[in-house]
Amino acid sequence: MGEVIVITSGKGGVGKTTTTANIGTGLALAGQKVVLVDTDIGLRNLDVVMGLENRIVYDLVDVVEGFCRVKQALIKDKRYEGLYLLPAAQTRDKTSVNPQQMMKLCQELKEEYDYILVDCPAGIEQGFKNAIAGADRAIVITTPEVSAVRDADRIVGLLEANELRNPKLLINRMRIDMVKRGDMMSIDDIIDILAIGLIGVVPDDERIVVSTNRGEPVINDEKSGAGQAYRNIVRRIKGEEVPFMSFDNDQGFMIKLKKLLGLKAD
Amino acid sequence: MDENIISFKATVNGLILIMRDEDDFETIYEHIAQKLESSGRFFKGASMTVKYRGKKLTPEQEQKIAVLISKKAKMEIKGIEEDVSVSEPESDPESSQKAVNKPKMKLLFFKGLEEGLTKFHKGTVRSGRLISFDGNVVIIGDVNPGGEVIATGNVVVMGSLRGMVHAGADGNKEAIVAALSLQPTQLRIADVITRPPDTKEDRQGFIPELAFVKDDLVYIDRFLPQHM
């Protein structure tokens, strides 16, 4: 029996889709059978980030409306074995699907796949309700910005109201140099407010932009700091204990990471 | 006489009787008789299959109706059966939209490729927009990635075609897709689906091209001489 993990944030543009693509790829590389479900109907992006846009024939709405079977709509990834995408419809809207249908779909997918990652749309309306309907676990994404943290806090509250206990926090686009200068919220500041368990911190990385535009997840890029962070997150999702990258002292991994990123190691 | 109890619908496949579930068989039978009295001549000499929908009938009731129609309308009935194809499309705008969105391949597809109904769309078809039409479609503008054009006939784009396009959507393999710059996300003609290769080629300017199906393969050709 698989597990359904919803990746959500409230605020837009914090990296839900990028995270879904990378974690999904990472899990598939680790030998798991993974389905990525894009629930952002009308504003789908996951297919573009995965570089699978031109393979779409059927989509999520076709599946829930019974127009095709789930198997027909799943797109096999072109690079990684065991990775599948269920794309959202582009010419419909969020009301085309309801939470009951999502729940049924997730149940069906769970039978055959190890992980079902649901990419949630921004906002807290119908699309969000659909995305969380069938979820067993949740990962809440935020960036070190007051607005993103505010929205993440609202999301955590809504998840708890919907019986999704213990959501995990992923802090995205962290810039250590800015935190050091006191220009950015630190990890501790964010955890103080949200008070949920941390699953990982992903540094800001130019390579993400490149990889997104090319349609290739960054997780396989050995040189990328973000790729390393995602690899650690994947191991934590699988239940391994992985120490967090050190952010406080300059010894160890972070100094290497900064050098790799071309940032000045102070 | 209540007009809604029974209505006749002539289709290319034959005659469809549309009845309501709440009326009992006797009333329906009575109304069919009356209706044929007034309009039965129309079918005289015809030979077709009769289908019905809206109500379940027993084989005996089917037979009774078949006999009634053949006697009153003087037509030959090849068979009578329940119509299980699709539920009334025009009664439900939601489902009719679905039907156009994902058209079914039909045996009797749209044939007006050379001279048929044509929709002209002025302006760019942006992501999330669906232009669908039972006929030919001309887009005076671009079709962006994420935009969709679905037509039962030809599709002509007077601009760059970068989105999804489906010509001959109900089964006509003779349909074509033409664009001043043909770089679709995905191109479908009837039930043939193609996508461009994953390696992106950088093209400058407009190269007017035409896509068509031959032996279940999509071919792409320039439709203007090279030098222009």
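The centres of domain 1 and domain 2 of chain B, taken over C-alpha atoms, are 43 Å apart. Domain 1 of chain B covers 6–82 and domain 2 covers 118–227, with the bounds coming from an automatic or database domain assignment.

A word on conventions. This is a predicted model, in which local features need pLDDT of at least 70 and side-chain atom pairs count only at pLDDT 80 or more, while totals for chains, interfaces and linings use all residues. Residues are numbered from 1 along each chain as its sequence is written, chains are lettered from A and ligands numbered from 1 in the order in which they are written, and side-chain values use heavy atoms, with hydrogens and water left out.

Chain B, then. Its secondary structure comes to 3 helices and 15 strands; helices (H or I, at least four residues) and strands (E, at least two) are DSSP runs, numbered from the N terminus. Of the 228 residues in chain B, 43% are buried. Buried means under 20% relative accessible area, exposed means over 50%, and partly exposed is in between, with a 1.4 Å probe and protein chains only. Take the contacts in chain B between residues at least 6 apart in sequence: 41% of them join residues at least 24 apart. Contact here means heavy atoms within 4.5 Å.

One residue to look at is I32(B), in helix 1 (residues 25–39) of chain B. Is I32(B) buried or exposed? I32(B) counts as buried because its relative accessibility is 0%. Leaving out residues up to four places away in sequence, I32(B) touches I6(B), F8(B), L17(B), I65(B), L68(B) and I69(B).

Next, the interface. Chain B contributes 18 residues to the contact and chain A contributes 13 residues. The two chains bury about 1500 Å² between them, 45% of it on carbon and sulfur atoms. Buried area is the accessible area (1.4 Å probe) that two parts lose on being put together, summed over both. How many salt bridges does the rule find across the interface of chain B and chain A? The rule finds 0 there, a salt bridge being a side-chain nitrogen of Lys or Arg within 4 Å of a carboxyl oxygen of Asp or Glu. Polar contacts between chain B and chain A come to 4 residue pairs, both residues at pLDDT 80 or more. A polar contact is a pair of N or O atoms within 3.5 Å; within protein, one must be able to donate a hydrogen and the other to accept it, and residues adjacent in sequence count only if both atoms are side-chain atoms.

On the side of chain B that touches chain A, helix 3 (93–101) and strand 12 (186–189) each supply at least two residues. Helix 3 of chain B gives the largest share of that side, 3 residues. By class, that side of chain B has 4 nonpolar, 6 polar and 8 charged residues. Ala, Val, Leu, Ile, Met, Phe, Trp, Tyr, Cys and Pro count as nonpolar, Asp, Glu, Lys and Arg as charged, and the others, Gly among them, as polar.

Salt bridges over all chains number 18. In one of them, the side chains of K76(A) and E81(A) meet at 3.8 Å, N to O. K76(A) is partly exposed at 42% relative accessibility, and E81(A) is exposed at 60%. R175(A) and D177(A) form another, at 3.6 Å; R175(A) is partly exposed at 33%, and D177(A) is partly exposed at 22%. R181(A) pairs with D183(A) at 3.1 Å, and R181(A) counts as exposed at 54%. In chain B, salt bridges that share partners join K173(B), D191(B) and D216(B) into one network.

Last, backbone details. Most residues other than glycine have a negative phi. E163(A) is not a glycine, yet has a positive phi of about 65°. E163(A) sits in the loop between helix 7 (146–161) and strand 7 (168–174) of chain A, and is exposed at 59% relative accessibility. D215(B), also not a glycine, has a positive phi of about 50°. Where does D215(B) lie? D215(B) is in the loop between strand 14 (209–214) and strand 15 (217–222) of chain B, and is exposed at 67%.

Helix 10 (residues 206–214) of chain A has its N-terminal end capped by D205(A), with a side-chain oxygen 2.8 Å from the backbone nitrogen of R207(A). After helix 10 of chain A comes G215(A), with a positive phi near 75°.
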